[in-house]
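Here are my notes for your first look at this protein. Keep the structure open and check each point as you read.

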Amino acid sequence: MIEPVIKTSLANLLAGIQRGDADIITAEMEKLDGVLSTERNHLNPQLVHFLERRSYAKALMFLGGESDIPVGACGGRPAPTKS
């Protein structure tokens, strides 16, 4: 399964962002882009959505089994407001 590889890469990427480590950020983003291009048809569509839009924190939440992932703006559309 590729999901554990994605999850590790996402964790490394987010840690790299926290540290401001450009080399880690670049390497992990390239790895995630490669996985997305080769494994797209084997991934959950929601995970593909997050990876395509570089919503890496949401992708990690999804892989962690969280169900309360915040809704955001995608495709330039404003996020829906809660009533």
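1. Start with the contacts along the chain. Among contacts in the protein with a separation of 6 or more, 39% join residues 24 or more positions apart. Keep in mind that this is a predicted model.

2. Next, the overall make-up. How many helices and strands are there in the protein? There are 4 helices and 0 strands. Read from the N terminus, the order of elements is α-α-α-α. The protein has 83 residues, and 27% of them are buried.

3. Now the pair α1 and α2. Helix α1 covers residues 3–19, and helix α2 covers residues 22–39. They pack at an angle of about 150°, and their axes lie 8 Å apart. Angles over 145 degrees count as roughly antiparallel, so α1 is roughly antiparallel to α2. The crossing of α1 with α2 is left-handed.

4. Which residues make this contact? From α1 come Ile6, Ser9, Leu10, Asn12, Leu13, Gly16, Ile17 and Arg19. From α2 come Ile24, Ile25, Glu28, Met29, Lys31, Leu32 and Val35. Sorted by class, the contact of α1 with α2 has 9 nonpolar, 3 polar and 3 charged residues.

5. Look at serine 9. Is serine 9 buried or exposed? Serine 9 sits in helix α1. Its relative accessibility is 2%, so serine 9 counts as buried. Setting aside residues up to four places away in sequence, serine 9 touches Glu28, Lys31 and Leu32. Glu28, Lys31 and Leu32 are also among the α2 residues that meet α1.

6. Move on to the pair α3 and α4. Helix α3 spans residues 45–52, and helix α4 spans residues 56–63. The packing angle is about 155°, with the axes 8 Å apart. α3 and α4 are therefore roughly antiparallel to each other. Their crossing is left-handed.

7. What does each helix bring to this second contact? By class, the contact of α3 with α4 holds 7 nonpolar, 1 polar and 1 charged residues.

8. Between these two helices, check arginine 54. Arginine 54 lies in the loop between α3 and α4. Its relative accessible area is 39%, so arginine 54 is partly exposed. Which residues does arginine 54 contact, leaving aside neighbours within four places in sequence? They are Met29 and Asp33. Along the chain, arginine 54 and methionine 29 are 25 residues apart. Their C-alpha atoms are separated by 8.8 Å.

9. Then the core. In soluble globular proteins, nonpolar side chains tend to be buried together. Here the largest nonpolar core has 17 residues. Which of its members touch the most other members? They are Ile6, Leu10, Leu32, Leu43, Leu47 and Leu51. The elements giving two or more residues to this core are α1, α2, α3 and α4.

10. Finish with leucine 47. Leaving out residues up to four places away in sequence, leucine 47 touches Ile6, Ala59, Phe62 and Leu63. Ile6 is one of the α1 residues in the contact with α2.

Methods. Residues numbered from 1 in each chain as written. Predicted model: local features only at pLDDT ≥ 70, side-chain atom pairs only at ≥ 80, totals over all residues. Heavy atoms only, no water. Axes fitted to C-alpha atoms, helices over the stretch in contact; angles between N-to-C directions. Parallel < 35°, antiparallel > 145°, perpendicular 65-115°, else oblique. Left-handed = near helix turned anticlockwise from the far one by under 90°. Nonpolar A, V, L, I, M, F, W, Y, C, P; charged D, E, K, R; others polar. Contact = heavy atoms within 4.5 Å. Core = buried A, V, L, I, M, F, W, Y, C linked by side-chain atoms within 4.5 Å. Buried < 20%, exposed > 50% of the residue type's maximum accessible area, 1.4 Å probe, protein only.
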